[in-house]
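Here's a quick briefing to read with the structure open beside you.

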Amino acid sequence: MPNAKKTKVQDPMAIQTLGDPRVKSPLLRIRGSEDDEYDCSGVFVEDACRILIDVEMAEVRNQWKNGHEPESFEAAGPRRMIFFDPVKVKAAILTAGGLCPGLNDVIRSLVLTMHFRYGVRNIFGIRYGYQGLVPRFGHDLIELTPGYVSDIHQFGGSVLSSSRGMYDVPEMVDALERLNISVLFTIGGDGTLRGASRIVEEIGRRNLKIAVVGVPKTIDNDINLVARSFGFETAVATAAEVIKAAHTEALGAPWGIGVVKLMGRESGFIAATASLAQGEANYVLIPESDFDFDGPGGLLAELENRLKNRGHAVIVVAEGAGQKFFQSQPEAFDASGNRKQGDIGRYLCDRVREYFQAKNVEINLKYMDPSYLIRSQPANATDRVYCGFLGQKAVHAAMAGKTNLVIGTWNNHYVHVPIPKAVASRKKVHTDGVLWRSVLEATGQPPLAAEA
Ligand code: F6P
């Protein structure tokens, strides 16, 4: 659109930096001569390389027509000029929040990239998340070397361990100062990223040169503006196996009902995607889609019809679904500030049993709650590859002096997402979007809410 007049507005996706990058990247020695041509798809990436957020042509046209530049992310990747002198860098890594497949793979990738690509020799693991930055807990540091991390990807969990919750921010920044840390990697979800952003603010107040870079972790896949968080695919693959088992059990008895409860506190990505992967769920209940038990279109009547016609049924329920049934319970929050959920899995089973008991119909209900099993696994192959990329891109960003960002993927590109944008809201399953429509098509599930 050469003739469009663009208004210069402040870029909402601008990435904070610690200062001008004046150090030649050591990758120049490894990857090619300084005079190599480079562009957005080359070895080195320039800050001017941008990835469109909305790629729908109509939207792009509309933005240009109205004189706006369409919103875009800064592309991730190695910069020719970096901010830190790598031999003087002291880096720290922490994992916070719930465990997730791939934590060790990310730690490994961070360490190997820093050590071999940049020549960083001082890399420390902070134990038990943000707690490890608070002296009164007495957690030791772990020196992370290529030898230390060489086999850690074989195991689930985190070699650094994790914890939920945030601590006094000035106290934590005191610790970073005391340790002379120049780069902090925070591997975590929403709560961890909020914490990272508060640390960035305090670093800014003290005018310190410490880069803080996040890597998006959560099996729930609910980080805003991040197409996929690592660990999600492994969790889905494990969850799909449980749905398969529930289906087998449901088929194995008259009026067999398999109920599977899956993690997914606020967003139903795991339940929806695992149901698609396995293709045997008949009802998928997620936080984003309302449902009722009673009434002619409610779940119980639907289930009865299904059992009469097909003899068995599989129900997949995300832990955050149907929370309206627990409104009388007092609100409680965990250390990360997440609302504690009522146990929809057990409640659903009770309601189904009561319903059929009242009708004197014998059912065979098998309830499966794989719970932490889906997130304590080592990462599968695709997550492993993904974790490797995320670690590399995080190191490139940090060495370039970029801060207050989380590495994301968007439209098949690795990008820098400002943390404040990533935590501004939670990513949800759009009930009119392609994922949920596909679930409805695959299951044939009708609307289950009275007002639907
Ligand atoms: O990491 C997110 C998550 O897997 C949620 O789906 C789940 O509600 C939560 O963790 C449970 O973890 P914890 O018991 O450690 O709080």
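Is glutamate 177 buried or exposed, or does it fall in between? Glutamate 177 counts as partly exposed, at 40% relative accessibility; buried means under 20% relative accessible area, exposed over 50%, and partly exposed in between, using a 1.4 Å probe and protein chains only.

A word on the source: this is a predicted model, where local features need pLDDT of at least 70, side-chain atom pairs count only at pLDDT 80 or more, and totals for chains, interfaces and linings use all residues. Residues are numbered from 1 along each chain as its sequence is written, and side-chain values use heavy atoms, with hydrogens and water left out.

- Where they meet, domain 1 puts in 22 residues and domain 2 puts in 18 residues, with contact meaning heavy atoms within 4.5 Å.

**The nine-strand sheet**

- Nine strands make an open sheet with mixed pairing, in the order β3-β4-β17-β16-β10-β9-β6-β7-β8.
- At the edges sit β3 (50-52) and β8 (141-143), each pairing on one side only.
- From one strand to the next, the twist averages 35°.
- Helices (H or I, at least four residues) and strands (E, at least two) are DSSP runs, numbered from the N terminus, and two strands pair if DSSP finds at least two bridges between them.
- Strand β4 (residues 72-75) runs antiparallel to β17 (residues 413-418), and two bridges join them.
- In that pair, alanine 75 is opposite valine 415.
- Helix α3 (residues 103-118) packs on this sheet, touching β6 (90-95), β7 (122-126), β9 (183-188) and β10 (211-216), and its direction makes about 175° with that of β6.
- For angles like that one, axes are lines fitted to C-alpha atoms, for helices over the stretch in contact, and the angles run from 0 to 180 degrees between N-to-C directions.

**The four-strand sheet**

- A parallel open sheet has four strands in the order β12-β13-β11-β14.
- β12 (283-285) and β14 (364-368) are its edge strands with a single partner each, so one side of each has no neighbour in the sheet.
- Here the twist averages 15° from one strand to the next.
- β11 (residues 256-262) and β13 (residues 312-318) pair in parallel over seven bridges, with glycine 258 opposite valine 314 and glycine 256 opposite histidine 312.
- β12 also pairs with β13 in the parallel sense, over three bridges, and valine 284 stands opposite valine 316 there.
- Seven of the seven residues of β13 are buried, so this strand is largely enclosed by the rest of the structure.
- His312, Val314, Val316 and Ala318 point one way from β13, while Ala313, Ile315 and Val317 point the other way.

**Nonpolar cores**

- A nonpolar core is a set of buried Ala, Val, Leu, Ile, Met, Phe, Trp, Tyr and Cys residues joined through side-chain atoms within 4.5 Å.
- The largest one has 73 residues, and Ile93, Phe185 and Phe230 touch the most other members.
- Domain 1 and domain 2 both give residues to this core, so it lies between them.
- Phenylalanine 185 has a list of contacts that includes Ile93, Leu110, Met114, Val213 and Ala398, leaving out residues up to four places away in sequence.
- A second, separate core has 40 residues, among them Ala96, Val200, Leu225 and Val226.

**Salt bridges**

- The whole structure has 32 salt bridges, each a side-chain nitrogen of Lys or Arg within 4 Å of a carboxyl oxygen of Asp or Glu.
- Glutamate 177 pairs with arginine 206 at 2.9 Å, N to O.
- That pair links distant parts of the chain, 29 residues apart: glutamate 177 is in helix α5 (residues 169-178), and arginine 206 is in the loop between α6 (190-205) and β10.
- Arginine 206 is partly exposed too, with a relative accessible area of 24%.
- Both belong to a salt-bridge network of Asp174, Glu177, Glu202, Arg205 and Arg206.
- Aspartate 350 and arginine 353 form a salt bridge at 3.9 Å, N to O, and lie three residues apart in helix α10 (residues 344-358), about one turn of the helix.

How values were computed: Domain bounds come from an automatic or database domain assignment.
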